[in-house]
Amino acid sequence: FRDLLRLSKRHSHSDPISCPICYQWLREAAELYGGDFLAGLFLPGCVEFEEWRLVQQESLAADALDALDRLAAYHEARGEFESCQEYARRQLHLEPWRESAHLRLMRGLAATGQTQAALKQYEAYRQTLADELGLAPAAVVTALRRQIQSGKIAPRVGSDGAGEGFWLSGAGERRQVTALACSRGARGDVEEDATLGCSALCERIH
């Protein structure tokens, strides 16, 4: 999984979104990701293992979300909206409040004539934010909903900036625990790669 992502990051090209070679690597990587790393495995009394597992789990999940987002952007740029919807939904399965995935899914649904489904997706996102985080959707999301309602939205090509992951500050206990594990990992209890990955995650969180 990580080797395929490294290949994509090191590949030299002028337009990473539309690169077919990177697409193949990312698609293979996405197929390899099966969910949270070592989910359900605990070693009683071994705090160090739990800290390491959480750091690895969050780092791999962040990489998977990024890969899925790039795959969705690839298909959206090519006007392949059904595939774009598929990868957006996979992101939301991992992170239900991910704004960029909701935007892509709404645009993809609207572009394929599924107006009511796109509006229901907005409501699902609004409800998720309200229930879990006590927040309302950002202005860009409500603006897209109004466009869809008015029938003014046309099939979109390109990501319009939505390719960047959306991370909410303090969103969920797992992110907070990861930050704690990262701070302890600075003692040298965690592998260098894991610590670097955790540091990157903490920067996104805060």
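**Exercise 1. Salt bridges**

Count the salt bridges in this predicted model, then find which residues are joined into one network.

*Solution.* 

Step 1. The count comes to nine salt bridges. The idea behind them is simple: side chains of opposite charge can pair when their charged atoms come close.

Step 2. Take R104 and D69. Their closest N and O atoms are 3.7 Å apart. The cut-off for a salt bridge is 4 Å, so this pair qualifies. R104 sits in helix α5, while D69 sits in helix α3, which covers residues 47–77.

Step 3. Take E76 and R107. Their side chains meet in a salt bridge, with 2.7 Å from N to O. E76 belongs to α3 and R107 to α5, so this pair ties together parts 31 residues apart in sequence.

Step 4. Check burial for E76 and R107. Buried means under 20% relative accessible area. E76 has 0%, so E76 is buried. R107 has 4%, so R107 is buried too.

Step 5. Look for shared partners. Salt bridges that share partners join D69, E76, R104 and R107 into one network.

Step 6. R98 and E95 meet through their side chains at 3.6 Å, N to O, in a salt bridge. R98 and E95 are both buried.

**Exercise 2. A proline in a loop**

Locate P96 and decide whether P96 is buried, partly exposed or exposed. Then list what P96 touches beyond four places away in sequence.

*Solution.* 

Step 1. Find the element. P96 is in the loop between α4 (81–94) and α5 (99–111).

Step 2. Apply the cut-offs. P96 has 28%, so P96 is partly exposed.

Step 3. List the contacts. Leaving out residues up to four places away in sequence, P96 touches H102, Y125 and T128.

Step 4. Compare sequence and space for P96 and Y125. They are 29 residues apart in sequence, and their C-alpha atoms are 7.7 Å apart.

**Exercise 3. Two helices side by side**

Describe how α5 and α7 are arranged, and sort the residues of their contact by type.

*Solution.* 

Step 1. Two packed helices are described by the angle between their axes and the distance between the axes.

Step 2. Read the values. The axes of α5 and α7 (residues 139–150) come within 11 Å and cross at roughly 10°.

Step 3. Classify the angle. Angles under 35 degrees count as roughly parallel, so α5 is roughly parallel to α7.

Step 4. Name the residues. From α5 come E99, L103, M106, R107 and A110. From α7 come V140, V141, L144, R145 and I148.

Step 5. Sort the residues. Seven are nonpolar, none is polar and three are charged.

**Exercise 4. The whole chain**

*Solution.* 

Step 1. As for individual cysteines, C46 has 28% relative accessible area, so C46 is partly exposed. C84 has 0%, so C84 is buried.

Step 2. Check the reach of contacts. Among contacts between residues at least 6 apart in sequence, 63% join residues at least 24 apart.

Conventions:
Residues are numbered from 1 along each chain as its sequence is written. This is a predicted model: local features need pLDDT of at least 70, side-chain atom pairs count only at pLDDT 80 or more; totals for chains, interfaces and linings use all residues. Side-chain values use heavy atoms; hydrogens and water are left out. Helices (H or I, at least four residues) and strands (E, at least two) are DSSP runs, numbered from the N terminus. Buried means under 20% relative accessible area, exposed over 50%, partly exposed in between (1.4 Å probe, protein chains only). Contact means heavy atoms within 4.5 Å. Axes are lines fitted to C-alpha atoms, for helices over the stretch in contact, and angles run from 0 to 180 degrees between N-to-C directions. Angles under 35 degrees count as roughly parallel, over 145 as roughly antiparallel, 65 to 115 as roughly perpendicular and the rest as oblique. Ala, Val, Leu, Ile, Met, Phe, Trp, Tyr, Cys and Pro count as nonpolar, Asp, Glu, Lys and Arg as charged, and the others, Gly among them, as polar.
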